[in-house]
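Reader: I want to learn how to read contacts in a structure, one feature at a time. Where do we start?

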Amino acid sequence: MKNDEVIDNVSGFAMPAASKFDVFNLFCLKNRTVVITGSAQGIGRVAAIACGKAGGNIAITDKDINAAKILEDELKDAGINAKSWELDVVIEDKIIEVFDSISSHFGSLDILINNAGTANRNPAEEMKTEDFEKIIRLNLTSSFICCRTASKYMFKNNKGSIINISSIMGVTGGGPAPNSPYHASKGALVNLTRSLANEWGERGIRVNSIGPTYTKTRLIKELNANKEKLDHIIERTPLKRLAEVSEMAGGILFLASDASSIVTGHTLMLDGGWSAI
Ligand SMILES: NC(=O)c1ccc[n+]([C@@H]2O[C@H](COP(=O)([O-])OP(=O)(O)OC[C@H]3O[C@@H](n4cnc5c(N)ncnc54)[C@H](O)[C@@H]3O)[C@@H](O)[C@H]2O)c1
């Protein structure tokens with residue numbers, strides 16, 4: 001029995017003791033190293049801030065090293081233990097080298113957030129095979145390689161948490177613009193999440209994903225500037241708005257931390273109800 005528990009005298013099961021149960025501690029990431037791909041901007045940047053504020057050591061990785069360094073300084077100024085690495089996730093050897101360097105620098109690699117990704121909003125009938133494959137490589141294959149590389153460090157402690165950033169487009173196929181390779185990659189990421197959750201559960205690694213709706217980052221700059229498309233998104237969304245990027249923080253921190261210790265293989269929709277229709 002832990003010291004924040006009492007034993008139920010009928011079932012014999014441990015129950016939390018109200019006077020001692022520290023509910024906010026469930027979200028604490030102290031002594032955990034969090035690697036986030038594509039974290040210089042947007043949702044990855046918010047993930048870095050949220051996990052850093054929760055006490056984690058933050059490994060910022062991005063192909064844009066200048067922007068990553070600016071975030072490193074910002075996090076350090078906020079009292080967060082952070083360091084940045086240049087990493088283009090389509091380069092497999094570089095993933096292996098950078099994850100090794102992160103693990104040596106912080107002493108562990110406990111949480112991976114596969115965030116780097118992009119879209120190609122061109123009609124399917126005009127899509128070149130190489131352009132389709134480019135999106136699959138970045139959004140799906142590179143995420144798999146990052147999972148496989150990170151698992152090596154997580155197996156050492158029989159503990160780890162992986163979050164794949166999917167999308168509402170991982171569970172639906174519509175939207176105001178065509179985006180077929182994006183839909184395909186994000187849908188596959190949802191099922192890759194389930195697959196790895198099954199393979200690695202007994203070794204203590206949880207694998208989950210999030211499904212954001214249209215979120216105010218550079219990725220949707222063009223959609224946001226097109227009134228007709230923006231109106232379509234807002235009308236289609238039960239909450240009748242886009243997501244603020246800061247609204248990704250809660251779901252990410254939940255899945256990264258022990259607050260979700262019984263959750264694996266799940267895709268948490270942060271979508272204003274988009275997938276409820
Ligand atoms: N913004 C949205 O509406 C939205 C919705 C659902 C899902 N997502 C997903 O969230 C993730 C982040 O998107 P965002 O909106 O923050 O985008 P963003 O364009 O604002 O930021 C993407 C970041 O990834 C980096 N990046 C791009 N290619 C990379 C590569 N090959 N290697 C390493 N870093 C790379 C960029 O430099 C940038 O810092 C993506 O996977 C995206 O598909 C976004």
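This is a predicted model: local features need pLDDT of at least 70, side-chain atom pairs count only at pLDDT 80 or more; totals for chains, interfaces and linings use all residues.

Reader: What about the salt bridge of E74?

Author: E74 pairs with R45, with 3.0 Å between the closest N and O atoms. This pair also links distant parts of the chain: E74 is in helix α2 (residues 65–77) and R45 in helix α1 (residues 42–53), 29 residues apart. E74 counts as partly exposed at 37% relative accessibility. R45 is partly exposed, with a relative accessible area of 26%.

Reader: How is the pair of K227 and D231 placed in helix α7?

Author: Their side chains meet in a salt bridge, 2.5 Å from N to O. The two residues are four apart in helix α7, so about one helical turn separates them. K227 is exposed at a relative accessible area of 60%. D231 counts as partly exposed at 35% relative accessibility.

Reader: On to aromatics. What describes a pair of rings?

Author: The distance of the centres and the angle of the planes. A search of the whole structure finds three aromatic pairs. One of them is F155 with W200: edge-to-face, 5.9 Å centre to centre, with 90° between the planes. F155 belongs to helix α4 (residues 129–157) and W200 to helix α5 (residues 180–200), 45 residues apart, and the pair links these distant parts of the chain.

Reader: Are F155 and W200 buried or exposed?

Author: Both are buried.

Reader: Which residue lies over the face of F155?

Author: R203, at 3.6 Å from the ring centre. W274 has R236 over its face, at 4.1 Å from the ring centre.

Reader: Now the surface. Which residues make the nonpolar patch?

Author: V6, F13 and M15, with a patch of about 280 Å². F13 lies in the loop between β1 (5–7) and β2 (14–16). F13 counts as exposed because its relative accessibility is 57%.

Reader: What should I note about the backbone of N158?

Author: Its phi. The value for N158 is near 50°, positive in a residue other than glycine. N158 is found in the loop between α4 and β7 (160–165). K240 also has a positive phi, about 60°, and is not a glycine. K240 lies in the loop between α7 (227–236) and α8 (249–256).

Reader: Last, the whole chain. What is its secondary structure?

Author: Eight helices and nine strands. The radius of gyration is 19 Å, close to the 19 Å that the globule rule gives for 277 residues, so the chain is as compact as a globular protein of that length. Of the 277 residues, 48% count as buried.

Note on methods:
Residues are numbered from 1 along each chain as its sequence is written. Side-chain values use heavy atoms; hydrogens and water are left out. Rings of Phe, Tyr and Trp (its six-membered ring) pair if their centres lie within 6.5 Å; planes under 30 degrees apart count as stacked, over 60 as edge-to-face and the rest as tilted. Buried means under 20% relative accessible area, exposed over 50%, partly exposed in between (1.4 Å probe, protein chains only). A charge sits over a ring if NZ of Lys or CZ of Arg is within 6 Å of the ring centre and within 35 degrees of the ring normal. Patches are made of residues with over 30% relative accessible area and no salt bridge: like charges are joined within 9 Å, nonpolar side chains (Val, Leu, Ile, Met, Phe, Trp, Tyr) within 5 Å. Accessible areas come from the Shrake-Rupley method with a 1.4 Å probe; for residues, only the protein chains shown count as cover. A salt bridge is a side-chain nitrogen of Lys or Arg within 4 Å of a carboxyl oxygen of Asp or Glu. The radius of gyration is taken over C-alpha atoms; the globule rule is 2.2 Å times the number of residues to the power 0.38.
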